[in-house]
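Biologist: Could you walk me through the side-chain contacts here, beginning with the charged ones? I'd like a close look, with the cut-offs spelled out as you go.

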Amino acid sequence: MTHDEPVLTARAGRTAHLTLNRPRALNALTHPMVRTIDEALAAWEGDDDVTAVVISGAGDRGLCAGGDIRVIHEDARTGGGVSPAFWRDEYRLNVRIARYPKPYVALMDGIVMGGGVGVSAHGSVRIVTERSAVAMPETAIGLVPDVGGTYLLSRAPGELGTHLALTGQTFGPADALLCGFADHFVPAERLGELRATLAGPEVREAADVREIVRRYAATAPEGRLDADREWIDDCYPAGSVEEIIERLRGNGAPAAKDAAETLLTRSPTALKATLVAVRRARRTATLEQVIDQEYRASCAALTFPDLQEGIRAQVIDKDRRPRWSPKELAEVTDADVARFSAPPPGGDLGLGTP
């Protein structure tokens with residue numbers, strides 16, 4: 001294995017290491033990277049000499065900014081024949097991580113968004129730092145939160161998950177802990193020492209890994225969401241996106257009005273499909289069943305113009321002025337939203353099927 005490969009695998013003591021190695025692209029995931037991670041995890045699962053796995057990102061900007069959406073943009077532009085295969089493997093990897101029988105330690109330092117959440121926040125030992133910036137920003141590019149994101153968001157306290165899903169707001173370490181995306185806060189300056197200890201002779205069994213992490217854990221800096229719970233829990237139970245925006249505008253909190261303005265910049269179609277997805281996920285028992293629904297939504301998004309337009313505006317041209325179609329929430333039909341729940345032409349993912 002060379003240091004130029006997009007995923008580096010290594011062993012140190014009884015700990016195996018995965019390093020996402022595309023720092024110039026914020027370690028964005030490609031299909032070959034997903035396959036490499038999955039193959040490594042499968043091999044280490046059956047290796048008695050491996051007690052734990054640690055995943056981190058190369059460079060100093062973050063673990064992973066998500067899937068390589070430039071590839072998805074080109075696929076949407078040319079017919080959408082590639083992305084479903086990528087999502088099939090990516091979502092199966094997310095479930096493997098969630099069900100992994102050994103400690104899976106995710107170092108969620110820096111930017112952790114979209115697909116980066118998928119390879120970290122389903123792990124059994126999830127560590128954030130003061131530099132962590134976590135988000136599921138899919139509505140800004142015409143997508144519905146995926147990689148099990150709607151499962152995690154739907155289980156956040158009160159309506160915090162609905163707020164984060166619709167706005168795509170970035171949140172820091174304390175809020176990641178509050179919303180169930182992370183387990184421990186460790187100062188960034190101590191990550192190197194933590195990694196070295198995990199690679200050392202102290203690690204003999206799974207319990208040792210958890211004890212070591214607790215030793216390095218500290219209290220996270222104060223977050224924002226707990227203080228915003230009152231207006232969030234008041235506004236987001238509304239029956240529609242339009243009513244949510246109306247309540248936000250009518251609320252006295254400045255942050256509520258800011259949230260309303262943010263929602264008005266998001267894809268109207270994606271907003272309505274996301275609200276349905278998060279509320280359905282709240283009623284759905286397993287991660288596998290939720291990811292099955294997310295796969296349907298992702299495949300459906302390929303057939304709508306907003307996905308291509310959203311990526312163009314945010315990533316390709318970076319003009320931040322997407323021309324959504326339809327432009328207004330009132331123009332999004334029930335039939336449009338229903339398409340996000342329909343089986344895709346290539347068949348369902350089937351993870352939640354007994």
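Modeller: Let's start with a network of salt bridges that links Glu309, Arg312, Asp317 and Asp319. By salt bridge I mean a side-chain nitrogen of Lys or Arg within 4 Å of a carboxyl oxygen of Asp or Glu. Bear in mind that this is a predicted model: local features need pLDDT of at least 70 and side-chain atom pairs count only at pLDDT 80 or more, while totals for chains, interfaces and linings use all residues. Residues are numbered from 1 along each chain as its sequence is written, and side-chain values use heavy atoms, with hydrogens and water left out.

The structure holds 21 salt bridges. One of them joins the side chains of Arg11 and Asp47, at 3.1 Å from N to O. That pair links distant parts of the chain, 36 residues apart: Arg11 is in strand E1 (residues 7-12), and Asp47 is in the loop between helix H1 (31-45) and strand E3 (52-57). Helices (H or I, at least four residues) and strands (E, at least two) are DSSP runs, numbered from the N terminus. Arg11 has 42% relative accessibility and counts as partly exposed; buried means under 20% relative accessible area, exposed over 50%, and partly exposed in between (1.4 Å probe, protein chains only).

Asp89 and Arg35 also meet in a salt bridge, at 3.7 Å from N to O. Here, too, distant parts of the chain are linked, with Asp89 in helix H3 and Arg35 in helix H1, 54 residues apart. Both partners are partly exposed: Asp89 has 28% relative accessibility, and Arg35 has 42%.

For a local pair, look at Glu211 and Arg214, whose closest N and O atoms are 3.4 Å apart in a salt bridge. These two sit three residues apart in helix H9 (residues 206-216), so about one helical turn separates them. Glu211 is partly exposed at 39% relative accessible area, as is Arg214 at 47%.

Arg155 lies over the face of Tyr151, 3.9 Å from the ring centre, and Arg339 lies over the face of Phe304, at 4.0 Å. A charge sits over a ring if NZ of Lys or CZ of Arg is within 6 Å of the ring centre and within 35 degrees of the ring normal.

Now ring against ring: there are four aromatic pairs. Rings of Phe, Tyr and Trp (its six-membered ring) pair if their centres lie within 6.5 Å; planes under 30 degrees apart count as stacked, over 60 as edge-to-face and the rest as tilted. Tyr91 and Tyr295 are edge-to-face, 6.3 Å centre to centre with 90 degrees between the planes. Tyr91 belongs to helix H3 (residues 83-98) and Tyr295 to helix H14 (residues 287-301), so their pairing ties together parts 204 residues apart in sequence. Tyr91 and Tyr295 are both buried. Another edge-to-face pair is Tyr100 with Tyr104, at 6.5 Å and 70 degrees. Tyr100 is buried at 8% relative accessible area, and Tyr104 is buried at 0%.

Last, the cysteines. The structure holds zero disulfides, a disulfide being a pair of cysteine sulfur atoms within 2.5 Å. For Cys64, the nearest cysteine sulfur is that of Cys299, 20 Å away. Cys64 is buried at 0% relative accessible area, and Cys299 is buried at 10%.
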